[in-house]
Amino acid sequence: MNDTRVDLFPEMANLVPERAQGRASVEHVTVDTDGGRTACYVYGQFRNPSPAGTYVSLRVTNDAGESRVMMSDFHYERATCVEVVERAHGNVLIAGLGLGMILHPILKNESVRSVTVIEKYQDVVDLVLPTLPASEKLTVLLDDIYTWKPTLGRRYDVIWFDIWPDIEVTRLPEMAQLHRRFWRYLNRANPECWMESWHRQETRRVARRRPKEQATQSPPTVSS
């Protein structure tokens, strides 16, 4: 996994203060080295452990009343967002505002003409939008990416979906649904166009491995 450019992102604890509003809250957590490793425990392994320091998480209560951490700026999450920052150009569509971490470097990129962010919850917008750099490139729309439609004829050079609170193979059908739906809005006349969902490729590899791993496991012993 590309983790060589996590310094693309600012120190979010310096930009996004601890605050709660309605269904959303921003929390700061300070971890030591062991805590930084544990925070990046993914798929049974330690991935891109975070150095000791203070990190930020965004917690949201969804429509079902479940309170979940939707995003953090631990190094594993930074590493999984490097590619979208490096690929961003032209007109960019992003589903999920999160902490706004990827927007800082993307808005500075001169090859980016516009960035449209679709965010479902007003409380998230109210907490995060004021912490972003002022830019005429940026438009944040309050809507649900599953039902929102771009204006007629609108195309995007880069499309990025990052709306999930966890890394689970059960998210793959949701990702596939969005990719099918937005394929028509991708600027395919641009050979550099790109559409992806957060952590989708690694999740697909895990999904392919699991049946093989299960097949090699010994059957359970049944006692009478």
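What follows is a quick tour of the salt bridges.

## Ground rules

This is a predicted model, where local features need pLDDT of at least 70, side-chain atom pairs count only at pLDDT 80 or more, and totals for chains, interfaces and linings use all residues. Residues are numbered from 1 along each chain as its sequence is written, and side-chain values use heavy atoms, leaving out hydrogens and water.

## The overall count

Side chains of opposite charge can pair when their charged atoms come close. Searching the whole structure turns up 12 salt bridges (a side-chain nitrogen of Lys or Arg within 4 Å of a carboxyl oxygen of Asp or Glu).

K120 and D63 pair up through their side chains, 3.2 Å from N to O. They sit 57 residues apart and tie together distant parts of the chain: K120 is in the loop between strand 8 (112–119) and helix 5 (122–128), D63 in the loop between strand 5 (53–61) and strand 6 (67–72). Helices (H or I, at least four residues) and strands (E, at least two) are DSSP runs, numbered from the N terminus.

K120 is partly exposed at 38% relative accessible area, while D63 is exposed at 57%. Buried here means under 20% relative accessible area, exposed over 50%, and partly exposed in between (1.4 Å probe, protein chains only).

## A buried pair

D73 and R78 also form a salt bridge, at 3.1 Å from N to O. Both D73 and R78 are buried.

## Along a helix

In E83 and R87, the closest N and O atoms are 2.8 Å apart. These two are four residues apart in helix 3 (residues 82–87), so about one helical turn separates them. E83 is partly exposed at 37% relative accessibility, and R87 is partly exposed at 35%. Elsewhere, salt bridges with shared partners join R23, D63, K120 and D144 into one network.
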